[in-house]
Amino acid sequence: MGAALSLVISSFAEEREEVKKRFKLAEGNAARTLKQAARQGRVDIVFSADVVSGVKTQAIKGEYTPREAFNLMLKNSRFVAVKHRKSGVYLIKEQDPPDVN
């Protein structure tokens with residue numbers, strides 16, 4: 001059984017640079033709030049709904065780049081938002097463990 005992927009498909013692919021947008025999101029279920037944030041930020045996002053199941057995002061309000069918004073929402077979780085250089089799509093993934101060396 002493969003992990004279910006949640007993909008927000010939008011017409012915002014042409015917006016590649018990090019531009020601040022207005023975000024206003026309540027705390028809540030990551031699968032729902034990350035999609036809402038992608039719509040508000042006018043960006044595409046990909047994440048596994050199974051992987052973020054049970055994750056609660058932080059509320060945010062203000063002007064942020066999409067990356068800032070996603071990462072503020074995911075603060076205190078094990079996840080981080082990264083942007084694919086060529087496509088501009090954001091990926092929500094588990095943070096790499098800190099290097100202890």
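Buried means under 20% relative accessible area, exposed over 50%, and partly exposed in between (1.4 Å probe, protein chains only). The model is predicted: local features need pLDDT of at least 70, side-chain atom pairs count only at pLDDT 80 or more, and totals for chains, interfaces and linings use all residues. Residues are numbered from 1 along each chain as its sequence is written, and side-chain values use heavy atoms, with hydrogens and water left out.

**Exercise 1.** Determine how many salt bridges there are.

*Solution.* Step 1: apply the rule that a salt bridge is a side-chain nitrogen of Lys or Arg within 4 Å of a carboxyl oxygen of Asp or Glu. Step 2: by this rule, the count is three salt bridges.

**Exercise 2.** Describe the salt bridge of Arg 78 and Glu 94.

*Solution.* Step 1: the side chains of Arg 78 and Glu 94 meet at 3.1 Å, N to O. Step 2: Arg 78 lies in the loop between α2 (66–73) and β7 (79–83), while Glu 94 belongs to strand β8 (residues 90–94), 16 residues apart. Helices (H or I, at least four residues) and strands (E, at least two) are DSSP runs, numbered from the N terminus. Step 3: Arg 78 has 46% relative accessibility and therefore counts as partly exposed; Glu 94, at 42%, also counts as partly exposed.

**Exercise 3.** Locate the partners Arg 22 and Glu 63 and classify their accessibility.

*Solution.* Step 1: the closest N and O atoms of this salt bridge are 2.9 Å apart. Step 2: Arg 22 is in strand β2 (residues 21–25) and Glu 63 in strand β6 (residues 60–64), 41 residues apart. Step 3: Arg 22 is exposed at 59% relative accessibility, whereas Glu 63 is partly exposed at 45%.
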